[in-house]
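Student: Can we go through this model together? I'd like the fold and then the charged pairs.

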Amino acid sequence: MVGEEEEAEFPERFRAYSENERHWQARREFILRNLPAGGAPEPASRIDQLLSLSMVWANHLFLGCSYSKDLLDKVTEMAEGIEVEDAPQFTSRDEIMKKHQH
């Protein structure tokens with residue numbers, strides 16, 4: 001069983017070198033909220049999946065990356081309740097094209 005101190009430090013090893021503090025704190029919260037009770041998920045492939053989903057969520061939120069609707073629905077549900085101040089607003093190519101057609 002993972003202790004509270006170990007659980008708090010657990011996600012730190014997954015921070016990307018180039019990840020700024022704001023992005024990391026949001027992604028860290030996503031990871032911690034979605035860990036099963038008691039710490040790191042088993043098997044290791046589950047933690048890989050969680051880390052991948054955390055990157056999808058962060059990339060969509062902060063960089064405006066596009067993903068399939070099903071994937072975005074999944075990470076949005078997983079991130080429910082995480083508050084990120086001053087998150088950028090992006091306009092998709094489709095929204096821009098639609099605006100210029102009228």
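Student: What should I know about the model and the numbering?

Tutor: This is a predicted model, where local features need pLDDT of at least 70, side-chain atom pairs count only at pLDDT 80 or more, and totals for chains, interfaces and linings use all residues. Residues are numbered from 1 along each chain as its sequence is written, and side-chain values use heavy atoms, with hydrogens and water left out.

Student: How many helices and strands does the chain have?

Tutor: The chain has five helices and zero strands, in the order α-α-α-α-α. Helices (H or I, at least four residues) and strands (E, at least two) are DSSP runs, numbered from the N terminus.

Student: And how much of the chain is buried?

Tutor: Of the 102 residues, 26% are buried. Buried means under 20% relative accessible area, exposed over 50%, and partly exposed in between (1.4 Å probe, protein chains only).

Student: Let's pick α4. Which of its residues are buried?

Tutor: In helix α4 (residues 69–78), the buried ones are Leu72, Val75 and Met78. Seen down the axis of α4, they fall within an arc of 125°, so they line one face of the helix. That arc is taken from the directions from the helix axis to the C-beta atoms.

Student: What is on the other side of α4?

Tutor: Lys69, Asp70 and Glu77, which are exposed there.

Student: What covers the buried residues of α4?

Tutor: The cover includes α2 (21–34) and α3 (44–63).

Student: Switching to charges: how many salt bridges are there in the whole structure?

Tutor: A search of the whole structure gives five. A salt bridge here is a side-chain nitrogen of Lys or Arg within 4 Å of a carboxyl oxygen of Asp or Glu.

Student: Where do the partners Glu12 and Arg28 lie?

Tutor: Their side chains meet in a salt bridge at 2.4 Å, N to O. Glu12 lies in the loop between α1 (4–9) and α2, and Arg28 in helix α2, so the pair ties together parts that are 16 residues apart in sequence. Glu12 is partly exposed at 35% relative accessible area, while Arg28 counts as buried at 16%.

Student: Which residue does Lys69 pair with?

Tutor: Lys69 forms a salt bridge with Asp73, with the closest N and O atoms 2.7 Å apart. Both lie in helix α4, four residues apart, about one turn of the helix. Lys69 is exposed at 59% relative accessibility, and Asp73 is partly exposed at 37%.

Notes
Contact = heavy atoms within 4.5 Å.
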